[in-house]
Amino acid sequence: MASRAQEPTPIYDNVDIDLFVKVLNHTLFSPFFIFFVPLFYIFQGAKVTDPGIIGLSVYWILISSFWFIRWYSRLYRNQGSLLIGPPRFDWGDQIIIVTGGSSGVGELLANTLAVRNVTVIVLDVKPIVTENYNITYYKCDVSNWEEVQAVAATIKEEIGDPTVIINNAGVVQGKLILDLSPQDINQTFGVNTLAHFWLLKAFLPAMLEKKEGHIVTVSSVMGVVGAAQMTDYCASKAAAIAMTDSLRRELDHRYNTPKIRTTVLCSGHILTPMFQNVEFPTHPLWKFLSPSLHPVTVVKSIIAALDEQHSRTIFLPLYTSAAPYVNLLPSFLRDLLQWFSNADYAMKNFAKVSGRRASEGPVPAVSLGKKD
């Protein structure tokens, strides 16, 4: 077993199943690409009635049908229209809040958004180090309702009402359930779950008045499946996912504001300091099937979700998309997966190797942004 850190690796180390699927989606699984294949053979002298041409045509119809259903489902979910999708995101007048934005994924996200000339507000317990003039930092423990309420009033007075909320802050304790103190549990749920409620209570009313906005919940695949020594973390992330799902229903059917979008990010391991000492299998097959994510990949997925204006759940990398079905497997297969991934022992030496615990203080924990 070995931890995954951001160290130089051979180029073939970056070849994984996600890359293969991406290539396939643009070739063998692409209706546009497949459409020209039978035409190429016809131009070379093949007959339309040839079995190969008929087979390719049937395959194209099947692939096109799949993509059409997927496309229509997304449009219906967001607009209720087959032909009219949402307009592109207008970056010019946006005020975006990023919690846990002083380091890790949150810092990269804040700086990337700032390059697009939007107003970025970072809420964290330590300042963000940046040269971007359009990033404004407010010291705030987002797990504390009174602090969020006070900072929200200041933000509305000095900057205006945020149009996008990115709930990114998170903490991990890395302890067995009986080793968790009440303070540990309160901190985990305070930052990973309750902070989402406090941000929504503070800033959602203005979005409801405008009937527009976007709420991004940075959760984790560990909110879908469990693992040993992460009871509080998994439970808090699961709560954030369920909260956003319920929020989507309220926005659509009770507040009648479908144009307020919601995005949930369920990611696997990200190469940030918080989980850099988690021990993973070193077998090449494991690295191929379950690669770690670079922070830039996570940031790009969030920005793409904002840009396309669709509510969605994002699973990154590819293997995490199977997580919702893991609990449907027979117990012996579930145990086999846990054994293969070392999931129940990955955190065994986490606190010892890290030399710290999240409960030692809010600064190193909260400021690490997204942390899976």
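**Entry 1: H4 against H9**

I looked up helix H4 (residues 104-115) and helix H9 (residues 295-308), which pack at an angle of about 50°, their axes 9 Å apart. The model is predicted, with local features needing pLDDT of at least 70 and side-chain atom pairs pLDDT 80 or more, whereas totals for chains, interfaces and linings use all residues. Residues are numbered from 1 along each chain as its sequence is written, and side-chain values use heavy atoms, leaving out hydrogens and water.

Helices (H or I, at least four residues) and strands (E, at least two) are DSSP runs, numbered from the N terminus. Axes are lines fitted to C-alpha atoms, for helices over the stretch in contact, and angles run from 0 to 180 degrees between N-to-C directions.

H4 and H9 are therefore oblique to each other; angles under 35 degrees count as roughly parallel, over 145 as roughly antiparallel, 65 to 115 as roughly perpendicular and the rest as oblique. I noted a right-handed crossing of H4 and H9 (the near helix is turned clockwise from the far one by less than a right angle).

On the H4 side, the contact (heavy atoms within 4.5 Å) is made by Val105, Leu108, Leu109, Thr112 and Leu113. H9 contributes Pro295, Val296, Val298, Val299, Ile302, Ile303 and Leu306. Ala, Val, Leu, Ile, Met, Phe, Trp, Tyr, Cys and Pro count as nonpolar, Asp, Glu, Lys and Arg as charged, and the others, Gly among them, as polar.

**Entry 2: H5 against H6**

Next I examined helix H5 (residues 145-158) and helix H6 (residues 182-210), which pack at about 30° with axes 10 Å apart. That angle makes H5 roughly parallel to H6. H5 passes H6 in a right-handed crossing. Trp145, Val148, Ala152, Ile155 and Lys156 of H5 meet Trp198, Leu199, Lys201, Ala202 and Phe203 of H6. This contact of H5 with H6 has 8 nonpolar, no polar and 2 charged residues.

**Entry 3: the sheet**

I then traced an open sheet of 7 strands, ordered E4-E3-E2-E5-E6-E7-E9, with parallel pairing (two strands pair if DSSP finds at least two bridges between them). Strand E4 (135-139) and strand E9 (312-316) are the edges, each pairing on one side only. Within the sheet, 5 bridges join strand E2 (residues 95-99) to strand E3 (residues 119-124). The bridge partner of Val98 in E3 is Val122.
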